[in-house]
Amino acid sequence: MQNIVPMTRPILELRPGQHLTLTPQLQQSIRLLQLSTLDLEAEISQVLAENPLLDREDEPSSAEAESRSESERESSVQDDEPAAERETPIDEMPGSGGVYPDDDASLPEAARPDTLREHLLGQLALTRAAPRDVALASLLIDELDENGYLGSPLDEILGWLPAEMEPDMDELRAALSLLQSFDPAGIGARDMADCLHLQLRNPDLTRLPEAADPAVLACARRICAEHLPLLATGNAVRLCAALGCDEPTFRAAHSLILRLEPRPGRAWTVPAAEYAVPDVIVRKTRRGWQATLNSAAVPRLQVNGLYAQMLSNQKESAHAGLQAQLQQAKWMIRNVEQRFDTILRVSQAIVERQTAFFSQGPAAMRPLILKDIAGELGLHESTISRATTQKYMLTPFGTLELKRFFGTGVSTEGGDATSATAVQTYIRQMVADENRAKPLSDSQIMQKLADQGIVIARRTVAKYREALRIAPAALRKAQAAAR
């Protein structure tokens with residue numbers, strides 16, 4: 001008896017579902033929001049050079065410039081007498097911004113150094129990582145601070161990711177490992193100990209010849225992982241006893257550590273004091289402290305009216321390429337406006353939360369986290385993070401990055417809370433007023449803070465002191481004695 005196998009027929013079935021899609025316009029909006037003012041200016045200059053449909057409002061359009069030059073040529077032909085020589089005004093001299101407003105535009109592309117972000121993204125593009133890993137690594141790159149350290153804990157970054165992505169901590173750790181394998185060595189570290197330890201993971205023996213000795217390398221790794229505070233005191237005897245090594249090995253390990261770079265992003269860091277342009281200016285008005293956009297930092301863009309009118313009189317199929325450039329110009333204008341609108345909204349929300357700071361100074365800074373502003377404005381925490389990174393506010397106490405206004409809370413005896421920034425301000429002032437011959441230890445600083453109602457642990461004092469780049473008491477005493 002022959003078995004009959006039933007035939008299966010293909011079935012077309014529709015299943016509704018949701019997935020996250022980033023349109024080119026949304027991608028551009030996100031990218032523009034995370035750029036600094038200087039990077040935004042470079043981005044706009046490039047778009048202006050590539051898209052004739054986009055113009056600056058404070059500059060004549062290319063069509064108007066051509067018309068103006070034509071009329072000038074006609075007037076020069078009609079004028080029989082030679083033009084009288086005139087003295088060149090200062091504002092038209094080369095380099096003054098008159099005749100050559102964009103001196104940097106004439107520089108070759110190779111003369112413009114990459115940012116740290118571009119340097120890392122270029123390496124990421126050369127890997128064979130999966131698209132999801134590339135997206136997570138790109139997110140981590142955006143979270144790096146100017147020193148190349150990871151600015152937020154992984155669990156906090158994981159909470160920012162949209163639920164649709166179904167994020168996983170193991171995937172985020174794998175993305176961080178990929179980032180930490182990039183140049184410069186030590187990038188993506190959580191703190192200085194982690195940064196130095198990463199550089200000793202696979203040391204370059206041509207630059208670090210001491211690492212060729214396994215005993216020296218192992219000693220240096222232990223110092224970075226366990227004994228950095230003890231190393232800062234300069235007590236070689238105690239260190240040798242703690243490490244169980246002889247003095248020559250310790251000296252070689254110390255020399256190796258001194259060759260490491262504690263700030264891997266230093267080479268790409270632009271000094272904020274020279275180049276930071278405030279995006280927002282805070283002034284006191286009758287209604288209180290108000291944030292306004294710095295008009296000098298806001299580019300005024302417009303669609304080229306002449307070309308747009310010419311396209312409107314033509315069929316869309318006749319100039320499809322120009323129609324696409326017209327749409328891109330409109331997107332650029334809209335996204336730039338949205339960028340500054342978001343920065344202004346976030347800045348005003350910060351000002352309202354930190355009113356005491358603008359009246360009394362850094363010691364009055366209140367605890368504030370990204371989630372507070374995100375909830376108030378109805379935005380995602382990642383949006384707040386992008387809107388506050390490398391964005392600056394001009395205040396009565398100087399130009400500060402918006403991220404400076406965020407910090408965790410520290411409890412006080414009165415039941416209130418003060419910010420970590422305020423505590424750091426107190427510590428800095430105490431160290432500045434101390435007796436150089438008898439500097440304050442971390443325990444003494446802890447006690448002085450407790451006298452002011454701020455109760456924190458000694459290790460927290462040490463962490464804040466290190467963040468302020470203040471040496472330990474023993475080292476400060478040694479430095480004072482050496483002077």
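Q: At what angle do helix α8 and helix α9 pack, and how far apart are their axes?
A: In this predicted model, helix α8 (residues 192–199) and helix α9 (residues 214–226) pack at an angle of about 160°, and their axes lie 8 Å apart.

Q: Why are α8 and α9 called roughly antiparallel?
A: The angle between them is about 160°, and angles over 145 degrees count as roughly antiparallel; α8 and α9 are therefore roughly antiparallel to each other. Their crossing is left-handed.

Q: Which residues make the contact of α8 with α9, and what classes do they belong to?
A: Ala-193, Leu-196 and His-197 in α8 meet Arg-221, Cys-224 and Ala-225 in α9, and by class this contact has four nonpolar, one polar and one charged residues.

Q: What makes α2 roughly antiparallel to α15?
A: The axes of helix α2 (residues 37–50) and helix α15 (residues 320–353) come within 12 Å and cross at roughly 165°. Because angles over 145 degrees count as roughly antiparallel, that crossing makes α2 roughly antiparallel to α15. The crossing of α2 and α15 is left-handed.

Q: Which residues of α2 meet α15?
A: Thr-37, Leu-40, Glu-43, Ile-44, Val-47 and Glu-50 in α2 meet Gln-325, Met-332, Val-336, Arg-339 and Phe-340 in α15; by class, the contact has six nonpolar, two polar and three charged residues.

Q: What is the average pLDDT of the chain, and where is the pLDDT below 50?
A: The chain averages a pLDDT of 78, with 78% of the residues scoring at least 70. The pLDDT is below 50 over residues 60–65, a stretch with eight contacts in the model beyond near neighbours in sequence, and also over residues 67–112, where 16 such contacts occur. Where pLDDT is low, the predicted coordinates should not be read in detail.

How values were computed:
Residues numbered from 1 in each chain as written. Predicted model: local features only at pLDDT ≥ 70, side-chain atom pairs only at ≥ 80, totals over all residues. Heavy atoms only, no water. Axes fitted to C-alpha atoms, helices over the stretch in contact; angles between N-to-C directions. Helix = DSSP H or I, 4+ residues; strand = E, 2+ residues; numbered from the N terminus. Parallel < 35°, antiparallel > 145°, perpendicular 65-115°, else oblique. Left-handed = near helix turned anticlockwise from the far one by under 90°. Contact = heavy atoms within 4.5 Å. Nonpolar A, V, L, I, M, F, W, Y, C, P; charged D, E, K, R; others polar. pLDDT = per-residue confidence, 0-100.
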